[in-house]
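Let's get to know this one with a few quick questions. Have a look at it first.

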Amino acid sequence: MVFWLIKTEPDEWSWNQQKNCGNKGAEWNGVRNFQASNNLKEMKLGDKCLFYHTGNVKSIVGIAEVIKEAFLDKTDISGKFVSVKIKALYPLKKQVSLYEIKKNNVFKDFALVKQSRLSVMKVSLKYWKKICKMGKVKI
DNA sequence: GCCAACGTTGGC
DNA sequence: GCCAACGTTGGC
């Protein structure tokens with residue numbers, strides 16, 4: 001099992017919208033960056049994702065699960081990029097903000113900090129555990 | 001194949 | 001609203 005972090009602008013697609021889709025989930029489309037798209041291609045059924053809100057929120061708000069592996073993104077006319085399907089599992093009891101992550105030196109090599117423009121990234125087990133602890137949820 | 005110019009993202 | 005960082009495009 002691999003852990004991921006996926007970013008979204010809450011005005012465009014929010015945790016609440018994702019949650020409202022329930023177990024049937026929703027397509028994670030619109031990624032137009034090769035590195036991010038390659039990460040989508042690596043996702044396997046059952047992989048877990050940290051759900052991160054950019055914009056005014058800038059916090060990890062919930063945990064989601066991959067329910068369909070990569071397929072061509074219908075919204076991409078060039079046919080170069082892929083989507084996956086994600087369902088919301090549960091919210092963090094306590095949201096983990098970018099500020100808190102940056103404040104903690106443990107996260108100095110976290111892609112969220114080092115590569116702020118990357119929208120889909122791998123999360124090491126060490127960082128995953130730490131964030132779950134900060135978010136007061138069980139793994 | 002290099003690189004300048006330009007566009008986009010996202011944090012501040 | 002600004003700008004740094006980075007990705008993409010297109011001319012050569």
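A disulfide here is a pair of cysteine sulfur atoms within 2.5 Å. Keep in mind that this is a predicted model.

Q: How many disulfides does a search of the whole structure find?
A: For a disulfide, two cysteine sulfur atoms must lie within 2.5 Å. The sulfur of cysteine 49 has its closest cysteine sulfur in cysteine 132, 12 Å away, which is too far for a bond. Cysteine 132 is likewise in no disulfide. The search of the whole structure comes up with zero.

Q: Is cysteine 132 buried or exposed?
A: To count as buried, a residue needs under 20% relative accessible area. Cysteine 132 has 2% relative accessibility, so cysteine 132 counts as buried.

Q: What pattern does chain A follow along the sequence?
A: Chain A is built with five helices and six strands. Write α for a helix and β for a strand, then read along the sequence. You get β-α-β-α-β-β-β-α-α-β-α.

Q: How far apart are the centres of the positive and negative side chains in chain A?
A: Lys and Arg count as positive, Asp and Glu as negative. That gives 27 positive and 12 negative side chains in chain A. The centres of these two sets are apart by 8 Å.

Notes: Residues numbered from 1 in each chain as written. Chains lettered and ligands numbered in written order. Predicted model: local features only at pLDDT ≥ 70, side-chain atom pairs only at ≥ 80, totals over all residues. Heavy atoms only, no water. Helix = DSSP H or I, 4+ residues; strand = E, 2+ residues; numbered from the N terminus. Charge placed at Lys NZ, Arg CZ, Asp CG, Glu CD. Buried < 20%, exposed > 50% of the residue type's maximum accessible area, 1.4 Å probe, protein only.
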